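Hi,

Here is the structure I said I would pass on.

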Amino acid sequence: VRLEDGTELSAPRVLSSAGFVETMAMCGAPEHESEAGRMSFVETCSVLDAQPAELDWDATITFYNLAPRTVYGVPETDVDVRSGVLCCPSNYIGNEADAPHFRVTVLANPDLWKAKADEDYYARKSEVLTEALDAVASFGADVRGHVIYQDAFTPRTIEHYTGHRNGAVYGAPRKRWDGRTDVGGLFLIGTDQGNYGIVGAMMSGIDGANRHALAQQARTTTR
């Protein structure tokens, strides 16, 4: 493995959480770019002046749909606030003293967010913050008037900080369940290996380490 500063590291096995497409690109195989995932999100976070439960919303997590039919895919517009996930971490038992966060996550189109000029990008983020709160207020989770701070991330934010193409949260659509790549000794962990979400991504790392590193080491040692 050659680092950016030129340092070279050697190991019998390497586990990569960079994603399949991104890992192959670093190996000089950019022909896999078309396999990149495109499912991404805008997540808004509002800090409130009171706990959500004090504002008559005591649910911890709510999956909602305001349309006649739920559509789970890349929206034609930059966001689709008609469906999403509302999360209030301080509503969990034992978390009541935590800061009152109110998060709304909605589907987003990565291409449209990445194409925006900076001025339009930041202005649109502000608009989506309002749209997301309006959407959840329609079914009773109304905290408007109690927001003291807001922020949001977009597919562009995710790609900037993680390097994952298109800000894809769930990785590439084609999963590689055994974690193997075309490069000997190089294995995938993370959502491209197949497990979803934060817990799934962490479990894939444990699975990859057990299957491709610790098990191999044990066999070598017993010999």
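Leaving out residues up to four places away in sequence, A201 touches G190, T191, N195 and Y196, where a contact means heavy atoms within 4.5 Å. A201 sits in helix 5, residues 197-222; helices here are DSSP runs of H or I with at least four residues, strands are runs of E with at least two, and both are numbered from the N terminus. In sequence A201 and I189 are 12 residues apart, and their C-alpha atoms are 7.3 Å apart in space. A201 is partly exposed, at 27% relative accessible area (buried is under 20%, exposed is over 50% and partly exposed is in between, with a 1.4 Å probe and protein chains only).

Before you go further: this is a predicted model, so to speak of local features we need pLDDT of at least 70, side-chain atom pairs count only at pLDDT 80 or more, and totals for chains, interfaces and linings use all residues. Residues are numbered from 1 along each chain as its sequence is written, and side-chain values use heavy atoms, with hydrogens and water left out.

Five strands make an open sheet in the order 3-4-5-2-6, with antiparallel pairing; two strands count as paired if DSSP finds at least two bridges between them. Strand 3 (61-65) and strand 6 (147-153) are at the edges with a single partner strand each, so one side of each has no neighbour in the sheet. From one strand to the next the twist averages 25° (axes are lines fitted to C-alpha atoms, for helices over the stretch in contact, and angles run from 0 to 180 degrees between N-to-C directions).

Going through some of the pairs:

- Strand 3 and strand 4 (residues 79-87) run antiparallel and are joined by five bridges. F63 is opposite V85 in strand 4.
- Strand 4 pairs with strand 5 over six bridges, again in the antiparallel sense. The bridge partner of V85 in strand 5 is T105.
- Strand 2 and strand 5 are antiparallel and share eight bridges. S46 has F102 as its bridge partner in strand 5.

Strand 5 is mostly covered, with six of its eight residues buried. S40, in strand 2, is buried too, with a relative accessible area of 0%. Setting aside neighbours within four places in sequence, the contacts of S40 include V106, L107, A108, P155 and I158.

What about the empty space? Rolling a probe the size of a water molecule over the atoms shows where it is left. The search ran on a 1 Å grid over the protein atoms alone: a cavity is a set of points where a 1.4 Å probe fits but cannot get out, a pocket is an open set with protein on both sides within 12 Å along at least five of seven lines, and lining residues have an atom within 4 Å of a point. Grid points are joined across faces, edges and corners, and a volume is the space filled by probe spheres set on the points.

The largest pocket has a volume of about 1,000 Å³. Its lining has 37 residues, and F41, V169, Y170, G197 and I198 lie nearest the centre. Helix 5 provides the largest share of that lining, five residues. By class, the lining of the largest pocket splits into 19 nonpolar, 15 polar and three charged residues (Ala, Val, Leu, Ile, Met, Phe, Trp, Tyr, Cys and Pro count as nonpolar, Asp, Glu, Lys and Arg as charged, and the others, Gly among them, as polar).

The second largest pocket holds about 320 Å³. V1, R2, L3, E4, V14, S16, T23, M26, C27 and L186 line it, and the elements that give two or more residues to this lining are strand 1 (14-16) and helix 1 (20-26).

There are also three cavities of 30 Å³ or more. The largest cavity has about 70 Å³ of space, and its lining has four nonpolar, four polar and three charged residues. The second largest cavity is about 40 Å³, and strand 4 gives the most to its lining, with three residues. Among the residues lining the second largest cavity are N65, R69, D80 and R82.

Cheers
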